[in-house]
Amino acid sequence: MRFALTFILVSLLTGCKSYDAKLSQQVLGTWNRTEYNVPIRLDGSFTSWKTIPGHLTFLSDGNFSSFWGDTNGFDKYRGTWLVKDGMLVLTTTNSDGVAMLDISKHKIVQVDKHRLVYDTEPPRPVRVTLTR
């Protein structure tokens, strides 16, 4: 009985790790934001607004870089990333050349060869869609 419970627990943990590894492989590369995003409000209402275009690049060494901007200005961010329990975890360590520390977690909704969709965390949850 004890062996069976241990086997089930190890299988569940291994399954989560392999799922995260698969998501990590799918996330690798450069993603572009060119379309409108729809914020997800806790009260169930939906609104849309224009997002600033840019790109986000996930490297296989666990680092990321992003560039968001238009003719009104731009922002550059750098840091590290990983996928844990189906969440995209970004640790931003540099913003426009200034050291900083910000950790954000995003629920991966969909990822395939052409689209990465994730929900940002509260207090202002937003559904983000990136393409390549």
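The term pLDDT stands for the predictor's confidence in each residue, from 0 to 100. Strands (E, at least two residues) and helices (H or I, at least four residues) are DSSP runs, numbered from the N terminus. The structure is a predicted model, in which local features need pLDDT of at least 70 and side-chain atom pairs count only at pLDDT 80 or more, while totals for chains, interfaces and linings use all residues. Residues are numbered from 1 along each chain as its sequence is written, and side-chain values use heavy atoms, with hydrogens and water left out.

**Confidence and overall make-up**

The average pLDDT of the protein is 82, and 75% of the residues score at least 70. Over residues 4-14, pLDDT stays under 50, and the model has 0 contacts there beyond four places in sequence. A contact means heavy atoms within 4.5 Å. Where pLDDT is low, the predicted coordinates should not be read in detail.

The protein has 1 helix and 9 strands, and along the sequence they follow the pattern α-β-β-β-β-β-β-β-β-β. Of the 132 residues, 32% are buried. Buried means under 20% relative accessible area, exposed means over 50%, and partly exposed lies in between (1.4 Å probe, protein chains only). Among contacts with a separation of 6 or more, 33% are between residues 24 or more positions apart.

**Strand pairing**

Two strands pair if DSSP finds at least two bridges between them.

| Strand pair | Bridges | Example of bridge partners |
|---|---|---|
| β4 and β5 | 8 bridges | Phe 67 and Lys 76 |
| β5 and β6 | 8 bridges | Leu 82 and Val 89 |
| β7 and β8 | 4 bridges | Ile 108 and Tyr 118 |
| β8 and β9 | 5 bridges | Val 117 and Thr 129 |

Hairpins connect these strands. The one from β4 to β5 passes through 2 residues. The hairpin of β5 and β6 also has 2 residues between its strands, and Asp 85 in it takes a positive phi near 55°. Between β7 and β8 the hairpin has 3 residues, and from β8 to β9 it runs through 6 residues.

**Strand β8 and its surroundings**

Strand β8 covers residues 115-119; 4 of its 5 residues are buried, so the strand is largely enclosed by the rest of the structure. Antiparallel bridges join β8 to strand β7 (residues 98-111) and to strand β9 (residues 126-131).

Val 109 lies in β7. This residue counts as partly exposed, at 40% relative accessibility. Beyond its neighbours within four places in sequence, Val 109 contacts Val 117, Tyr 118, Asp 119 and Arg 127. The C-alpha atoms of Val 109 and Val 128 are 9.5 Å apart, with the two residues 19 residues apart along the chain.

**The largest nonpolar core**

A nonpolar core is a set of buried Ala, Val, Leu, Ile, Met, Phe, Trp, Tyr and Cys residues joined through side-chain atoms within 4.5 Å. The largest one has 18 residues, of which Phe 58, Trp 81, Leu 88, Ile 108, Leu 116 and Leu 130 touch the most other members. At least two residues of this core come from each of α1 (2-27), β3 (54-58), β4 (63-70), β5 (73-84), β6, β7, β8 and β9. The most is given by β9, with 3 residues.

What is Leu 116 in contact with, leaving aside its neighbours within four places in sequence? Its contacts are Val 27, Trp 31, Phe 58, Ile 108, Gln 110, Val 111, Val 128, Thr 129 and Leu 130.

Thr 91 is found in strand β6. With a relative accessible area of 18%, Thr 91 is buried. Not counting residues up to four places away in sequence, Thr 91 touches Phe 64, Arg 78, Gly 79, Thr 80, Leu 101, Asp 102 and Ile 103.
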